[in-house]
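Let's take a friendly walk through this model together. Have a look at the picture first, and then we will begin with the ligand.

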Amino acid sequence: MTTSSDLIAQLERLGGQFAAAIAPLVDEQSIRAAQAQFLGKKGQVSEVMKELGRLPPAERPLVGQAANKVKDTIAQAVEERLQALITAKRQADLARTLDVTLPARPVGGGHLHLLTQVRLELVEIFAELGFSVAEGPQVETDWHTFEALAIPKDHPARDMQDTFYIADEIVLRTHTSPVQIRTMQAHPPPIRIVAPGVVYRRDDDATHSPMFTQIEGLVVDEGVRVSDLKGVLLHFVNRFYARLGGGLDVRLRPSYFPFVEPGVEIDMSCGFCRGSGCRLCKGTGWIEIGGAGMVDPDVFAHVGIDSERYTGFAFGMGIERMAMLRHGVNDIKFYYEGDLRFLDQF
Ligand code: DAH
């Protein structure tokens, strides 16, 4: 015969059994299933309660209270277990989280473009000889670009430079030589400047680009001679092409530029083959690197400098070409494409 104390004892055991049953469960679904198993219609608590009818009515409330208590115990055990799972998951998440104090992966540092490096180096080399830097506009007047440099409108030398005209008297400068004019207009001699800068022509092939860079030089003073020009150029080639081992010679080959008299092409001895003949010097042992000459008295007249008192020399060279020779760049386009595989080599 079932007694009320039997049923109460059974109910109390169920509380403990439930806690043990859900301890190993790790997801809400299986915990809820266990809860239903204990509390549902066919659950263990209900099974015990079915016995209730056999008890004398006076004892039933006691068992009822015990049943309510075990239901609370089970509900509480479910809550605690779920809470514990949430805490454990949060801790696992935290353990997995990025350590934001780790140093970042290094981003490769940029560097100056080869042409910029070379331009700065050229300025430095000429600065050693007392030259300072002068600049002029890229959109220039016809007068500064041609007329004042003794290239009048009908002069055949204009045909050598396929010019971009902006208006009748305004051009994209085809060379840095107009900076000579602007400098001489702005300062009385002595003058000793280099003018690096961008110039524009309609040329376009492996060694020519519609936009490229030159460096112009101008020295005006009393008693300036061709030998001064040659000395400056000798210093320049041996500094700039120092990695070729030094001892490079310079040859001034008669040529014609309207704004100099005499005018010359500057050749340097080929340091790549040391004169035995190679692709770069086309077998001649000499490499052309620019133009130069003694400032023509006509030019001095245009800017109001007394050519009886002063003489001067000027030179102009292509920066792309210098860097091509020194670094073995074989297409001028590489400079302007922005391809890191090229740029990162320098
Ligand atoms: N301006 C000439 C050119 O672009 C280069 C040049 C030749 C510059 C002789 C000079 C010079 O200063 O004296 O073709």
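Histidine 175 has a polar side-chain atom 2.9 Å from a nitrogen atom of the ligand. This is a polar contact, meaning a pair of N or O atoms within 3.5 Å.

| Residue and its atom | Ligand atom | Distance |
|---|---|---|
| Histidine 175, polar side-chain atom | nitrogen | 2.9 Å |
| Serine 177, polar side-chain atom | nitrogen | 3.0 Å |
| Phenylalanine 315, backbone N or O atom | oxygen | 3.3 Å |

The protein covers 92% of the 360 Å² of accessible area that the ligand has on its own (Shrake-Rupley method, 1.4 Å probe).

A word on the source: this is a predicted model, where local features need pLDDT of at least 70 and side-chain atom pairs count only at pLDDT 80 or more, while totals for chains, interfaces and linings use all residues. Residues are numbered from 1 along each chain as its sequence is written, and side-chain values use heavy atoms, with hydrogens and water left out.

Elsewhere, strands S7 (residues 250-255) and S8 (residues 260-269) pair in the antiparallel sense over 6 bridges, where pairing takes at least two DSSP bridges. The two form a hairpin with 4 residues between them, and serine 255 stands opposite glycine 263 in S8.

Notes
A polar contact is a pair of N or O atoms within 3.5 Å; within protein, one must be able to donate a hydrogen and the other to accept it, and residues adjacent in sequence count only if both atoms are side-chain atoms.
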